[in-house]
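Me: Hi! Could you take a look at this one with me? I have a few quick questions.
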Amino acid sequence: MHMEEHTLASGTRLEGWWLGEGDSRAFISGFGGQLLSLRLRGKEVLWCTPEPKALPAALRGGVPICWPWFGPAQEKGQPQHGLVRTQIWRAVDGHSEPSPRMSLTIEPSAPVDGWAMNLTMSLDASQATCTMVMQTRRLQPATVESPSSDGRALLSQAFHTYFAISPDQSAQLQGLQGPCQDNLLPGRPRGVGPGSLSLVGPQGHATEQMFDGFEQAPCLQLHAGSHRVVIESPDARSVMIWNPGPQAGMADVPGEQWREFVCVEIGHLGQDARALAPGQSLTLTQRIHLPQ
């Protein structure tokens, strides 16, 4: 599958791959392996910064891939959210001709010691559904910390999705489960049950909340103002909700842009991180659907 150039609203030019046709299309950047545009039934469901930092800084928006760790690195000098957000990715397999149902498999071009990973993205235009599947396999690392080490390592990963919402209306996320840890107010867990969460509204506030006690696979509904998005993951049990709020001071979230998105980060996070021994594999899936 050949690469094409795509120009973001900011004017940044990136090479990547297009999936779909008509009013349902997706663009995946070769930089970061990042889904940057997802248009379903003619509606753009993702937000992307209008003022990105100069490459090779990570791009804010779309669906960044957090792997093989989520959040701050444990080793000093390592980047936030893992090693692949600023890598060049290459296509492994995919359809070459536009069609209503298309898929693409990509992988980071630079190996990560002890790990193998690929990402398959599929778009079914007729169903207005995009499916992302991250496959990870633990390898025997080239270097081991001690002779007794069995190569086992902890994997935390996520699809860090920036969903577009209407800035003049309150957004609601339904389907949350389990205890919630409010990371902006440490030590204040609270149970929500299968309930809803009010997100960014006209008044505005920062949000960072972890739900890592899902007893069933997440099936969330985001009421984003002008549309509704269904977000599913059959193999995750944890979700983080994030928005920086008006006082974040982020150069790539200028002005009132914080009102126009909310991050729904589905993955193996917090207590749901997994320890993998060499030869073991782990799958993470996210399905995004725009109902009629």
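Me: Let's start with Arg287: buried or exposed, or something in between?
Reply: Arg287 counts as partly exposed, at 28% relative accessibility. Here buried means under 20% relative accessible area and exposed over 50%, with partly exposed in between (1.4 Å probe, protein chains only). One caution: this is a predicted model, so local features need pLDDT of at least 70, side-chain atom pairs count only at pLDDT 80 or more, and totals for chains, interfaces and linings use all residues. Residues are numbered from 1 along each chain as its sequence is written, and side-chain values use heavy atoms, leaving out hydrogens and water.
Me: Which side chain does Arg287 meet in a salt bridge?
Reply: That's Glu232, at 4.0 Å, N to O. A salt bridge is a side-chain nitrogen of Lys or Arg within 4 Å of a carboxyl oxygen of Asp or Glu. Glu232 lies in strand β19 (residues 228–232) and Arg287 in strand β23 (residues 281–289), so the pair ties together parts that are 55 residues apart in sequence. Strands (E, at least two residues) are DSSP runs, numbered from the N terminus.
Me: And how accessible is Glu232?
Reply: Glu232 is partly exposed too, at 26%.
Me: How many salt bridges are there in the whole structure?
Reply: A search finds 6. Among them, Asp272 pairs with Arg274, with the closest N and O atoms 3.0 Å apart. Asp272 is buried at 9%, while Arg274 is partly exposed at 27%.
Me: Switching topic: what order do the strands take in the open sheet?
Reply: The order is β1-β2-β3-β4-β5, with antiparallel pairing. Two strands pair if DSSP finds at least two bridges between them.

Notes: Helix = DSSP H or I, 4+ residues; strand = E, 2+ residues; numbered from the N terminus.
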